[in-house]
Structure formats: C-alpha cells, structure tokens
Amino acid sequence: MMTLFLQFVFSLIAMLGFCVMFHVPVRHIPAAAFIGSAGWFLYQLCLYFHVSTIIACFLASCSVGLMSDIASRLLKDAATIFIIPGILCLVPGSGMYNTMLALVNGNLSQAAATGSRTLMLAGSIALGLLVISAAIRIVVSIARKAVNIAAKL
Amino acid sequence: MIEAKQKKILILAVRAGELMMKSGAEIYRVEDTVTRICKACGIHYVDVFAMQTGIFVSLDTGDENSDMYTYVKRIEGVSTDLTKISELNRFSREFTTTDLSVEEGMHRLKEISHIQLPPFPLRVLGAALVSSFFSLLFGGGVLDFLCAFIIGAASYSASRILGLYSINFFIRGFCCCALAAFLALSISSMVPGANYNAIIIGALMIFVPGVAITNSIRDFLSGNMLSGLARATEAGLVAISLAAGVGMVLRLWYSIGGASL
C-alpha cells in the first residue's frame with residue numbers, strides 16, 4: 001500500500017512536468033495533474049489486485065476520460081486540456097522499450113509477445129476514451145431531453 | 001461595403017481556426033469555432049472543412065446577387081500549446097455571446113497568437129522531472145533518478161535544437177531517443193549499480209505520442225475519419241521512430257562489445 005501511495009506522489013510530480021511541457025493553463029494545472037496521477041493510481045491499484053494489464057489500462061483511461069469531462073464542465077474549458085496530459089502516463093513507453101530490447105537480443109518470440117501486448121495496451125487506452133466519451137454523449141443528450149420535457153410541463 | 005465586411009469576418013474566423021489547429025486542437029473544435037464565429041456575424045450559410053494541413057471555408061450571405069466567398073488556408077507546423085486552446089475557446093464563446101466587433105476580435109486573436117510557451121529552461125526542467133520520476137515509477141533507484149534527470153534534460157534540449165532546424169518529427173524522435181539510450185548506456189557502464197532500463201524508459205516517456213493518440217480518437221469519434229486516420233498514423237510513426245532510435249543504439253552497443261544486454 002505504501003508503494004502505491006509513493007507511486008501516486010511520483011506520478012503527480014511527473015504530471016507537473018507534462019503540464020509545463022504542454023503549457024497547460026496555470027489555473028488548470030492542479031486539476032490536470034491530479035487527473036493524470038489518479039489514472040496512474042487506478043492502473044497500479046488494478047495491478048495490485050492482479051487484474052490483467054489490459055483491463056487495468058482500459059479502466060484507467062476510462063477514469064481519465066470521465067474525470068476530464070467532469071473537470072471540463074466544472075471549470076468551463078475544453079476537455080482536451082485535461083485528457084492530453086492525463087493519458088500520457090498510460091501510454092506504454094516501457095512496452096515499446098521491452099519489445100525493442102527483445103528484438104535486439106534476437107529473442108523473436110518474446111518480442112512478438114511484448115509487441116502485441118504493447119499494441120493491445122495502446123488499443124485499450126483508445127477504447128477506454130472512446131467508450132467513455134460515447135457514454136457521456138448519450139447521457140448528456142438524454143439529460144437535455146429530460147430537461148426540455150420538464151420545461152414544457 | 002458589405003463585401004469588405006464579409007472578407008474581414010472570413011479572415012477572422014480562419015485565423016482563429018488556424019491558431020487552434022496549430023495548438024493541437026481536435027478537428028471538431030476547429031470547425032465548430034469557425035462556424036460559430038461566422039454565424040455570430042450574421043452569415044447564415046457557412047461550411048467548413050478542416051484537416052491538420054488546411055482549412056477550407058465557404059461563406060454566403062444568402063442574397064440572390066451576392067457572391068460566394070471561399071478561403072483556403074494551408075497550415076504548417078503543428079505543436080501543442082494547451083493555453084492557446086483554452087484562450088481561443090474562451091474567445092469564441094465571448095465573441096458569440098457578446099457583440100464584440102470584428103476589429104476587436106482580430107486584436108484579441110493577435111494577443112492570443114503572441115502567447116509564448118513557458119521559458120525554455122522551465123520546459124527542460126519539466127522534461128527532466130517527467131523522465132526522472134517515470135524512471136522511479138518503472139523500478140529505478142535514487143541513482144537512476146539522478147541519471148534520468150540529466151538525460152531527460154539533455155534529450156529534450158536536443159529535440160529543441162533539432163526543431164530549430166525544422167527537422168521532421170520522425171528523424172527528431174529517432175535522434176533524441178538514440179541520444180538518450182547512448183547516454184544511459186554509457187553512464188550505466190561507468191557508474192556501477194545504475195539500471196539503464198529504467199533510465200531509458202523514463203527518457204522515452206518525454207517523446208511518447210500521447211497527443212496524437214488522444215486527438216486521433218477524438219477525431220474518429222466526431223466522424224472525421226480522414227484526420228483520425230492521419231493522426232493514428234502519426235502516432236504509429238512516432239512510436240516506431242522512438243523504438244528504432246533506442247534499438248539501433250542498443251544493437252550497436254551490443255555488437256561493439258559494451259556491457260552485455
């Protein structure tokens with residue numbers, strides 16, 4: 001549990017670095033950094049409970065999408081500002097590296113295994129964002145209709 | 001006189017769209033902004049088609065004897081600046097809800113386009129923080145933390161220097177990751193106890209194509225298949241260039257006979 005907390009703190013500082021690199025507006029830096037590291041924390045929490053990496057990544061990217069949307073509505077700004085730094089933690093840089101390492105060592109079967117896992121991780125990030133933004137669209141349109149009907153009554 | 005006004009509106013809208021696209025916004029947001037600005041100025045017929053490389057806008061006031069205006073804007077050099085997106089977003093909302101004149105709008109846009117990125121040393125510090133803390137997250141120790149801090153700063157500065165010579169993103173990613181891998185391997189061969197795996201992963205995280213992935217998904221979702229595909233390809237190419245840079249250095253190191261991998 002202690003390592004999980006440390007992971008959260010470390011990713012929070014790494015996220016601050018991303019915020020500076022991508023020039024997140026200063027007033028949104030706390031929210032953006034928190035969203036990214038909360039996504040990473042969820043990812044590590046899933047791994048802690050022995051959930052598979054792909055599901056963990058999917059859940060984490062869902063949570064990043066959801067939190068970004070909430071933040072964009074609360075702070076009245078574009079959701080991209082929170083999603084771009086938030087998703088960067090989850091992008092499988094280590095998978096890329098390990099694939100390359102296996103390839104260089106001539107270990108083709110391991111390279112294929114790590115490579116396909118890396119691709120699936122990237123796909124699960126994409127799928128998580130897709131699912132959550134589609135869901136948000138549906139919920140918002142239903143809520144709008146409900147408000148309209150209520151206004152007519 | 002009407003025509004001169006239309007031209008001004010067109011230039012304003014396209015300029016706003018161009019700035020947005022250059023700061024790394026999604027297609028949907030750019031098209032929406034251009035349409036809103038034109039509609040707010042009382043032009044009923046607006047059609048926008050935007051891609052990363054250009055914006056096409058057509059305007060028509062709807063009068064029988066008025067001409068249709070079309071403007072094509074080529075966009076070059078895309079970077080990521082989220083503050084500009086935020087400011088432009090606010091500008092478009094302000095422009096549509098209050099009766100800001102076109103000249104004032106143009107003035108605001110000029111101010112927004114002059115927003116600078118954070119000073120270079122600060123960005124290098126950011127990159128160094130990213131690389132060092134990611135090396136910790138991927139199982140590095142205190143020694144790796146320090147190495148990754150320096151290497152992250154060095155490779156980000158290298159990317160900036162290559163950027164000044166407008167070298168394309170593929171070569172840039174390749175060179176920066178090759179440099180990071182080379183530095184990590186040389187340091188770990190000189191300093192006992194340094195774990196070059198964690199250092200290289202930390203440095204890789206600076207260049208990982210997260211923006212392209214995010215934007216490609218959001219473009220696909222809003223139905224802009226063409227740009228979604230283009231951005232997905234960009235993400236794939238960047239990833240390949242990073243992996244190739246690291247892989248080449250590892251391979252060379254191995255064949256020259258440095259530390260065994």
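Colleague: Which conventions apply here, and how is chain B divided into domains?

Modeller: In this predicted model, local features need pLDDT of at least 70 and side-chain atom pairs count only at pLDDT 80 or more, while totals for chains, interfaces and linings use all residues. Residues are numbered from 1 along each chain as its sequence is written, chains are lettered from A in the order in which they are written, and side-chain values use heavy atoms, with hydrogens and water left out. Domain bounds come from an automatic or database domain assignment; in chain B they give domain 1 (4-113) and domain 2 (120-255), whose C-alpha centres lie 34 Å apart.

Colleague: How many residues does each domain of chain B give to the contact, and what area do the domains bury between them?

Modeller: Contact means heavy atoms within 4.5 Å, and here 12 residues of domain 1 of chain B meet 10 residues of domain 2 of chain B. Buried area is the accessible area (1.4 Å probe) that two parts lose on being put together, summed over both; for these domains of chain B the value is about 790 Å², with 48% of it on carbon and sulfur atoms. On the side of domain 1 of chain B, the most area is lost by B:Glu26, B:Ile27 and B:Gln52, which together make up 53% of what that side buries.

Colleague: Which residue forms a salt bridge with B:Glu26?

Modeller: A salt bridge pairs a side-chain nitrogen of Lys or Arg with a carboxyl oxygen of Asp or Glu within 4 Å. The count between the two domains of chain B is 1, and B:Glu26 forms a salt bridge with B:Arg218, their closest N and O atoms being 2.7 Å apart.
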